Amino acid sequence: MATEFKDGSISSVLKLSHIVFDEINFKRLGFSTKSCNEAQIGIAAHKEKISEGKYQVSLSLKAIKEREYEALVTISGYYEIDEDTPYKDKILSENTVAILFPYVRAQMTLLTAQPETEPLIIPPVNVYALIKQANENNEA
C-alpha cells in the first residue's frame, strides 16, 4: 500500500527503520555423505509491538541435514506504520516477512557454503503461501 501526495510523489505506509541479523549459527554434526537426505527446513516469524506504530518482526530459518549440520539464521526488521492504516495486520504479517526473506535466504546459502558441505540454495518461494501454511500449522 502506498499514499500519493498532492505533488504526485508516492510514499509507502510501511517504513523499515533498521534490519539486523540476531543470530547466525552453524553446527557441524559430521561429514557429508551421498546417502544423506536433503536438508529439512523450518521457518518461523514473530511480530512484537515495541510502541505506538513501531514493530519488530523477526524471521528465523533453520536447516538440519541429518548427521551433517544444523544451521540457523534469524533476522529482525524494525518497522513503522500508522496504527490506523487499513490492513495494518496483514501488512505487518506478510509484507514485512517478504522484505526479510531474501536476506535470510542469502545468508543461509553463505552459511552452509562451508568446506565439505554442499551449499543450501533455497529457491524463491511464494512468501504469502508460506506464511499461510505456517499459520495453519500453528493453529493445528
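Thr 74 is a buried residue, its relative accessible area being 10%. The model described here is predicted.

**Thr 74**
- Thr 74 belongs to strand 6, which covers residues 69-81.
- Its relative accessible area of 10% lies under 20%, so Thr 74 counts as buried.
- The side chain of Thr 74 is joined to that of Ser 60 by a polar contact of 2.8 Å.
- Apart from neighbours within four places in sequence, Thr 74 contacts Val 20, Phe 21, Asp 22, Glu 23, Leu 59 and Ser 60.

**Gln 56**
- Gln 56 is found in strand 5, residues 54-65.
- With a relative accessible area of 17%, Gln 56 is buried.
- Its side chain makes a polar contact of 3.4 Å with the side chain of Ser 58, and another of 3.4 Å with the side chain of Tyr 78.
- Beyond neighbours within four places in sequence, Gln 56 is in contact with His 46, Lys 47, Glu 48, Ile 50, Ser 76, Gly 77 and Tyr 78.

**The nonpolar surface patch**
- The most is given by strand 3, with 4 residues.
- Ile 24 is located in strand 3 and is partly exposed, at a relative accessible area of 43%.

Conventions. Residues are numbered from 1 along each chain as its sequence is written. This is a predicted model: local features need pLDDT of at least 70, side-chain atom pairs count only at pLDDT 80 or more; totals for chains, interfaces and linings use all residues. Side-chain values use heavy atoms; hydrogens and water are left out. Helices (H or I, at least four residues) and strands (E, at least two) are DSSP runs, numbered from the N terminus. Buried means under 20% relative accessible area, exposed over 50%, partly exposed in between (1.4 Å probe, protein chains only). A polar contact is a pair of N or O atoms within 3.5 Å; within protein, one must be able to donate a hydrogen and the other to accept it, and residues adjacent in sequence count only if both atoms are side-chain atoms. Contact means heavy atoms within 4.5 Å.
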